[in-house]
Amino acid sequence: MTGLGELPVRDDLRGKTPYGAPQITDVIQLNVNENPYPPPAALVADLQRAIGEAGLALNRYPDRDAVHLRASLAYYLSDRTGVALTGEQLWAANGSNEVLQQVLQAFGGPGRTALGFEPSYSMHPILAAGTGTAWVGVPRLGDFTLTADVAVAAVEQHRPDVVFVTTPNNPTGTVTSLEVIAAICDVAPGMVVVDEAYAEFAAGPSAVTLLECYPRLIVSRTMSKAFALAGARVGYLAASPAVVDAVRLVRLPYHLSAITQVVARIALARVNELLATVELVKAQRDRMVREIAALGLTVVPTDANFMLFGPFDDPAAVWQRLLDQGVLVRDVSSGPGLAGWLRVNAGTKGETTAFLSALGKVSP
Ligand SMILES: *Cc1c(COP(=O)(O)O)cnc(C)c1O
């Protein structure tokens with residue numbers, strides 16, 4: 001048998017490990033920021049009907065440009081943000097990870113640079129590596145926030161082709177204000193990508209409201225978190241129609257299956273029911289923030305559905321002792337600027353209670 005090390009893989013991929021949190025299913029899973037509530041029964045019934053109908057046409061390729069889905073996404077995002085958007089300003093793919101990969105294929109690549117403010121979403125540098133884009137990680141402040149001064153100085157120094165700003169930021173939960181994002185857009189020589197995967201959990205306005213002013217701004221979103229559709233793999237971006245034209249140069253033809261497109265459209269037709277769980281999740285998040293702090297630990301203020309807690313001398317041991325009690329959280333402590341921290345997402349009331357009681361048994 002040939003080992004990976006003996007294969008002629010690209011030099012820049014040698015010694016790397018694939019992205020991935022442990023997938024353990026017979027425990028309380030609070031480690032990948034999913035919505036803990038399954039889609040409502042009425043939606044599942046609609047899906048069964050619609051997928052059945054789509055099945056009759058599976059001999060045909062799907063709509064290559066997902067025109068109907070993009071129109072539905074434009075309607076949703078306009079409704080949420082108050083910004084008039086059309087389907088030409090929207091693009092969808094298999095999760096926002098694929099959207100971001102397409103953005104880097106179009107705007108990054110060999111000889112080009114992407115920059116992010118760390119700690120942040122660890123997939124951004126991995127997608128950069130996969131597309132041959134150089135990565136610059138700029139440290140956030142000690143409280144994991146980002147000021148215009150720090151961000152503007154970094155962008156002016158490195159002049160990246162793509163800037164990533166995640167807000168609310170994963171794994172810290174911290175928000176970057178629109179003022180800071182606008183300041184970055186004012187000096188960025190290339191594209192600015194605002195990753196708003198957790199926007200539905202946040203109180204503040206979306207960077208979608210800045211699209212009108214900044215033609216090189218891209219806002220990416222996902223149906224994996226608040227929409228409770230991680231399994232469906234649907235992410236999207238909003239930007240100027242020219243950005244969408246650029247992404248269409250690199251996308252694979254028929255990348256979004258007919259089944260995926262119909263699932264997303266049916267979900268968007270019942271968006272209010274789907275997003276009804278957001279308030280429940282936020283209530284448990286706020287409870288976790290209070291009760292973890294009451295245990296004498298630090299919790300980083302969060303506007304997402306998860307939080308950093310710690311710091312621990314031996315976070316791996318705390319992670320294991322939680323798992324031994326049947327609760328799976330995320331050990332992010334090996335990431336840049338994250339020594340000592342663990343991340344946990346809000347669960348149902350029962351799951352949250354189980355986590356808090358398990359944590360009470362491991363903490364000092
Ligand atoms: C979860 C997450 C995503 C979403 O990934 P999908 O591919 O849409 O499931 C994107 N960005 C951030 C920051 C995330 O945490």
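Good morning. The shell around the ligand is made up of three nonpolar, seven polar and three charged residues; here Ala, Val, Leu, Ile, Met, Phe, Trp, Tyr, Cys and Pro count as nonpolar, Asp, Glu, Lys and Arg as charged, and the others, Gly among them, as polar. Please note that this is a predicted model, in which local features need pLDDT of at least 70 and side-chain atom pairs count only at pLDDT 80 or more, while totals for chains, interfaces and linings use all residues. Residues are numbered from 1 along each chain as its sequence is written, and side-chain values use heavy atoms, with hydrogens and water left out.

Let me stay with the ligand. There are 13 residues around the ligand, and Ser96, Tyr198, Thr222, Ser224 and Lys225 come nearest; a residue is near if one of its heavy atoms lies within 4 Å. Helix α3, residues 95-107, gives the most to this shell, with three residues. Helices (H or I, at least four residues) and strands (E, at least two) are DSSP runs, numbered from the N terminus.

I turn to individual atom pairs. A ligand nitrogen atom is 2.7 Å from an N or O atom in the side chain of Asp195. For ligand oxygen atoms, the corresponding distances are 2.8 Å to the side chain of Arg233 and 3.3 Å to that of Lys225. On its own the ligand has 390 Å² of accessible area, and the protein covers 94% of it, by the Shrake-Rupley method with a 1.4 Å probe.

Next, the domains. An automatic or database domain assignment gives domain 1 (23-38 + 276-362) and domain 2 (42-269). Their C-alpha centres lie 26 Å apart. The contact, meaning heavy atoms within 4.5 Å, takes 24 residues from domain 1 and 21 residues from domain 2.

How much area do domain 1 and domain 2 bury between them? The value is about 1,600 Å², 64% of it on carbon and sulfur atoms; buried area is the accessible area (1.4 Å probe) that two parts lose on being put together, summed over both. On the domain 1 side, Val278, Asp303 and Phe306 lose the most area to domain 2, together 30% of what that side buries.

Finally, the backbone. Most residues other than glycine have a negative phi, and most peptide bonds are trans. Thr167 and Pro168 are joined by a cis peptide bond, with omega about -10°, and Pro168 lies in the loop between β5 (162-166) and α6 (178-187). Another cis peptide bond joins Gly310 and Pro311, with omega about -15°. Thank you.

Notes:
A polar contact is a pair of N or O atoms within 3.5 Å; within protein, one must be able to donate a hydrogen and the other to accept it, and residues adjacent in sequence count only if both atoms are side-chain atoms.
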